[in-house]
Amino acid sequence: MPPPSAARTGALPLAGAVAGGGALALESVVNGRLGEHAGPVAAAAWSNTLSLGVAAAAACVLSGLRPAFTALLAALRSRALRPWHCLGGVAGGSMVLTQALTAAALGPASYTLALVSGQTLCGVAMDHLGLGPGAPRRATARRLAGGLLAVCAVALPVLATPDADRTLALAVLPFLAGCALSWQMAVNGRVDEAAGKHPYPAVLLSFAAGTALMAAAVAALAVFSRLDRPRPGPPWHYTGGLLGCVVVLAAGLGMITGQVLGALALDALTGEAASQQAPAAAGAALLMGAAVLAAPSGTRPGPLAPEAADGPLGRRGN
């Protein structure tokens, strides 16, 4: 048995990650509500800009950033790291946009199930291709079964809705955003590695890329179409960017559990019909089981977690 101090130390990152997952579920509600009265593109642009501002302000008081960025630039010059590895925030920006577009219509549980199922399925592919740090982790039958189970988990509550065709069409967007989020976590891991294991350069680059993407979208709307005039809303609708900072900093072990449990609680608090809560809960149970299957052997559920056991041929296996 580990000593009590070690157990407490291990529990802190796990609790933080679960809290980060809950923050992501809440962020989808906040940005979805903001998108209803400010327009989805403007809501996503505001959320990303606020996240970037908070992250930049925090960077002013952090130590070790200069050597981290120096190491990052050296990796780019030596081509150990490619420029596209620094564009993970484009995926993050697209995820925030799907929150503003679909979260209010789908509800927090269905939105989160679709997002996490995309994360789980594509996380297996990212591992297999070796896009993240470390050696590739092969897609075994067990892990592929976990990814497919994740798709079934989101299909169950979506198909149980009265307007299943429309809900399924909406759920495709967060599912694709979850796929993109897996890619973001993989490339951000490469940036962390190049920056000497300092996580903040990846955080700043992610928010900068997401903000640039949304600013371009707002500019395109202003030139080729028209921007919706925002309607008044409560102040808490504008706090999604703060939650985004929590999500990025807590990303990792336990995130899926936090997302799913937080979304189920928010479904009840936001008045989702009781008839839809039972299919969502069943989908959540399936999804957490899928995360266990899709995780590499010897790990807990979490995107791109390192494997703990070697296979019979000396490769890391399941």
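What follows is a short briefing, from the overall picture down to a few single residues. Keep in mind that this is a predicted model. The protein chain has eleven helices and zero strands, and 46% of its 318 residues are buried.

**The big picture**

- Walk along the sequence and you get the pattern α-α-α-α-α-α-α-α-α-α-α.
- Take the contacts between residues at least 6 apart in sequence: 82% of them join residues at least 24 apart.
- The chain exposes about 14,500 Å², and carbon and sulfur atoms supply 70% of that area.

**Helix H7 and what comes after**

- Helix H7 covers residues 164-194, which makes 31 residues.
- Just after H7 comes Gly-196, which takes a positive phi of about 75 degrees.

**An aromatic pair**

- How many aromatic pairs does the count come to? The count comes to one.
- That pair is Trp-46 with Tyr-238: the ring centres are 6.4 Å apart and the planes sit at 75 degrees, so the pair is edge-to-face. The cut-off for that label is an angle over 60 degrees.
- Trp-46 belongs to helix H2 (residues 40-59), while Tyr-238 is in the loop between helix H8 (200-224) and helix H9 (240-250), so the pair ties together parts that are 192 residues apart in sequence.

**A nonpolar patch on the surface**

- Which residues form the nonpolar patch? Trp-84, Leu-87, Val-90 and Leu-213 do, and together they have about 320 Å² of accessible area.
- One of them, Leu-87, lies in the loop between helix H3 (65-77) and helix H4 (88-106).
- Leu-87 has a relative accessible area of 42%, so this residue counts as partly exposed.

**A look at Leu-156**

- Leu-156 lies in helix H6 (residues 141-159).
- Its relative accessible area is 38%, so Leu-156 is partly exposed.
- Leu-156 and Ser-110 are 46 residues apart along the chain, and their C-alpha atoms are separated by 9.7 Å.

Definitions and conventions. Residues numbered from 1 in each chain as written. Predicted model: local features only at pLDDT ≥ 70, side-chain atom pairs only at ≥ 80, totals over all residues. Heavy atoms only, no water. Helix = DSSP H or I, 4+ residues; strand = E, 2+ residues; numbered from the N terminus. Expected span 1.5 Å × (residues − 1). Phe/Tyr/Trp six-rings, centres within 6.5 Å; stacked < 30°, edge-to-face > 60°. Patch = residues over 30% accessible without salt bridge, like charges linked within 9 Å, V, L, I, M, F, W, Y side chains within 5 Å. Areas by Shrake-Rupley, 256 points an atom, 1.4 Å probe, with all protein chains shown as cover. Salt bridge = Lys/Arg side-chain N within 4 Å of Asp/Glu carboxyl O. Buried < 20%, exposed > 50% of the residue type's maximum accessible area, 1.4 Å probe, protein only. Contact = heavy atoms within 4.5 Å.
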